[in-house]
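Please consult the structure shown below alongside the text.

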Amino acid sequence: MPIRVSLAGATGWAGSALALAAARSNDITLVSAVSRTHAGQILGDVLNEPLLKCPVFATAQEALAHPCDVFFEFTKPEVARSNVMAALQRGAHVVIGTSGLTEADFAEIAAVANDRHLGVLAVGNFALTVVLLQKFSEIAARYIPQWEIIDYANDGKKDAPSGTARELAFRLSNIRPSEPTIPLEQTLGIVETRGARLTGSQVHSIRLPGYTISAEIIFGMPDQKLTIRHDSGSSAQPYVDGALLAIRKVSTFVGLRRGLDNVLDL
Ligand SMILES: NC(=O)c1ccc[n+]([C@@H]2O[C@H](COP(=O)([O-])OP(=O)(O)OC[C@H]3O[C@@H](n4cnc5c(N)ncnc54)[C@H](OP(=O)(O)O)[C@@H]3O)[C@@H](O)[C@H]2O)c1
């Protein structure tokens, strides 16, 4: 039986690429979609793909009235948390692609997922090169005690830091915090220029025209440093394969997992 998916954000930049890929897959079928501006239409008419026959609803709550196995969240941070909670209450496993959820949101989501014996896979970035950046960074943090993270995006991205930067900082916090040589409170001048402290990492978010999405981490030691960087191009293609894999794997565990490598054999 194909996996039945409700896709919130199906008409967006990332969601539409995922919807078109799902239409071409043998084991995933979209049963409902969410978009306010296209509510009441058939998704295939909106995306010009006759294989996509599912209806579009204005809210996740309406879409979830149709049974699904997996709810995929690809909308905006403002509604992501409540969409995820609604899906868990309905008994669906959840994949979160939307960025901007806080550590408190994730703690709450994890508790509900455990309670309901459902899987939630939150992936700040589905691209393989980001998955590898995270993995390599975890190895580096075991040997190098100081690092800073820089996240680059276009000027239209409202949330900061990016989901990628949040996830990276969270994962490194399981290894150790990065300790600046001069404690932040002893900074002379403007402390904000040192970036934000996020789960043990200093994070700097650049938002400028001309950028797509990049993530960089710099590890520094006396007389040597290591930079690991991911750059994505302008298409949503790098995210599609990882997103399909997440849909296939999210029902294989209970509770919240963060990062695609949790379901990969790396
Ligand atoms: N994890 C990853 O690898 C990855 C990759 C790419 C993007 N992202 C993240 O995914 C999210 C979406 O990115 P995007 O670039 O695809 O955005 P986008 O092009 O603006 O698309 C957003 C989608 O969500 C819908 N939407 C927005 N607000 C909504 C609301 N209040 N209720 C219902 N539907 C709503 C939009 O349709 P309507 O406006 O018609 O409602 C549209 O379908 C962002 O948080 C982005 O950072 C993550």
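A search of the whole structure finds two cavities of 30 Å³ or more. A cavity is a set of points on a 1 Å grid, over the protein atoms alone, where a 1.4 Å probe fits but cannot get out, and lining residues have an atom within 4 Å of a point. The model is predicted: local features need pLDDT of at least 70 and side-chain atom pairs pLDDT 80 or more, while totals for chains, interfaces and linings use all residues. Residues are numbered from 1 along each chain as its sequence is written, and side-chain values use heavy atoms, leaving out hydrogens and water.

| Largest | about 100 Å³ | five nonpolar, five polar, three charged |

Of the 13 residues that line the largest cavity, Thr98, Phe106, Gly124, Gly163 and Glu167 are the closest to its centre. Helix α7 (residues 163–173) supplies the largest share of this cavity's lining, three residues.

The second largest cavity is lined by Ala14, Leu18, Phe74, Ala236, Tyr239, Val240 and Ala243. Helix α8 gives the most to the lining of the second largest cavity, with three residues.

Tyr143 lies in helix α6 (residues 128–143) and counts as exposed because its relative accessibility is 58%, exposed meaning over 50%.

Definitions and conventions: Helix = DSSP H or I, 4+ residues; strand = E, 2+ residues; numbered from the N terminus. Buried < 20%, exposed > 50% of the residue type's maximum accessible area, 1.4 Å probe, protein only. 1 Å grid on protein atoms, 1.4 Å probe; cavity = no way out; pocket = protein on both sides within 12 Å on 5 of 7 lines; lining within 4 Å. Points joined across faces, edges and corners; volume = space filled by probe spheres on them. Nonpolar A, V, L, I, M, F, W, Y, C, P; charged D, E, K, R; others polar.
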